[in-house]
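Biologist: Can you walk me through this structure? I would like to start with what the words mean.
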Amino acid sequence: MALGKDYATQECSIAHALEIVGERWTLLVVRDALFGVRRYNDFLVHLGIPRAVLSARLQKLTEQGLLEKRQYQQSPPRDEYVITERGIALWPTLCALGLWGREHITETRLRYFRHADCGTELGPYGECPTCAIVVPVEDVLMEPGPGLAPDPADSVSRALLRPKRLLEPISV
């Protein structure tokens with residue numbers, strides 16, 4: 001029996017979500033957008049993704065309303081991809097998936113996510129145990145952990161070695 005190309009026969013909200021974010025690379029593009037990556041070449045360099053695949057993922061995420069394409073330069077015309085509220089809503093999922101990966105696949109600590117107001121490390125769903133709130137994404141401080149390479153080859157990875165709030169555009 002041939003493997004189906006979609007989940008059309010599934011009556012399940014997880015299957016419906018996978019239609020949008022279930023392709024290889026898609027969640028990493030969303031992750032990078034949350035980290036402040038906005039420009040095509042920065043996604044390309046940081047992810048090491050083939051150009052055609054990146055173009056297809058950015059187009060689909062834009063069509064589905066997870067990213068918004070905005071022109072940042074007129075001559076020559078250049079666009080950036082800004083994460084929308086719909087894309088930001090994936091943060092708790094990515095946070096929990098990252099924790100699951102660290103606990104069940106590798107114990108390497110790559111990044112810390114802290115509540116910017118009090119410095120407490122976030123729980124698995126983006127909550128602050130000290131303040132007893134779910135921290136808004138813009139109030140999440142991302143800091144490098146000991147598992148990150150101290151001198152990465154690409155400029156985006158180097159920019160992400162500096163502590164920064166999520167959603168804040170990176171400067172390379």
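Modeller: Two residues are in contact when heavy atoms of theirs lie within 4.5 Å. Keep in mind that this is a predicted model.

Biologist: Fine. Leaving aside neighbours within four places in sequence, what is tryptophan 91 in contact with?
Modeller: Tryptophan 91 is in contact with Leu34, Phe113, Leu122, Gly126, Val137, Val140 and Leu166, once those sequence neighbours are set aside.

Biologist: Which residues touch the most other members of the largest nonpolar core?
Modeller: Leu34, Phe43 and Trp91 do, in a core of 38 residues. The elements giving two or more residues to this core are H1, helix H2 (26-35), helix H3 (40-47), helix H4 (51-63), strand E2 (78-83), helix H6 (91-104), strand E6 (140-144) and helix H7 (155-159). The largest share, five residues, comes from H2.

Biologist: Why would residues like that gather in one place?
Modeller: In soluble globular proteins, nonpolar side chains tend to be buried together.

Biologist: Back to H2. Is it mostly covered or mostly open?
Modeller: Mostly covered, as seven of the ten residues in H2 are buried. Those are Thr26, Val29, Val30, Asp32, Ala33, Leu34 and Phe35. Just after H2 comes glycine 36, with a positive phi of about 105 degrees.

Biologist: And which residues are buried in H3?
Modeller: Asp42, Phe43, Leu44, His46 and Leu47 are buried there. The buried residues of H3 pack against H2, H4, E2 and H7. H3 is followed by glycine 48, which has a positive phi near 65 degrees.

Biologist: Change of topic. What pairs with E2?
Modeller: Strand E1 (residues 67-73) is joined to E2 by six bridges, and the two run antiparallel. E1 and E2 form a hairpin, with four residues between them. As one of the pairs, lysine 69 has tyrosine 81 in E2 as its bridge partner.

Biologist: What about arginine 78?
Modeller: Arginine 78 lies in strand E2 as well. Arginine 78 has a relative accessible area of 41%, so it is partly exposed. With neighbours within four places in sequence left aside, arginine 78 is in contact with Arg70, Gln71, Tyr72 and Gln73. Arginine 78 and arginine 39 are 39 residues apart in sequence, and their C-alpha atoms are 8.7 Å apart in space.

Biologist: In what order do the strands of the open sheet come?
Modeller: That sheet has three strands in the order E3-E6-E7, with antiparallel pairing. The edge strands, which pair on one side only, are strand E3 (111-115) and strand E7 (164-165). Five bridges hold the antiparallel pairing of E3 and E6. Tyrosine 112, for example, has glutamate 143 in E6 as its bridge partner.

Biologist: Last one, on the surface. Which residues form a nonpolar patch there?
Modeller: Tyr7, Ile14 and Leu18 do, with about 280 Å² of accessible area together. Leucine 18 sits in helix H1 (residues 13-21).

Biologist: Why does leucine 18 count as partly exposed?
Modeller: Because its relative accessibility is 34%, and partly exposed covers the range between under 20% for buried and over 50% for exposed.

Definitions and conventions:
Residues are numbered from 1 along each chain as its sequence is written. This is a predicted model: local features need pLDDT of at least 70, side-chain atom pairs count only at pLDDT 80 or more; totals for chains, interfaces and linings use all residues. Side-chain values use heavy atoms; hydrogens and water are left out. Patches are made of residues with over 30% relative accessible area and no salt bridge: like charges are joined within 9 Å, nonpolar side chains (Val, Leu, Ile, Met, Phe, Trp, Tyr) within 5 Å. Accessible areas come from the Shrake-Rupley method with a 1.4 Å probe; for residues, only the protein chains shown count as cover. A salt bridge is a side-chain nitrogen of Lys or Arg within 4 Å of a carboxyl oxygen of Asp or Glu. Buried means under 20% relative accessible area, exposed over 50%, partly exposed in between (1.4 Å probe, protein chains only). A nonpolar core is a set of buried Ala, Val, Leu, Ile, Met, Phe, Trp, Tyr and Cys residues joined through side-chain atoms within 4.5 Å. Two strands pair if DSSP finds at least two bridges between them.
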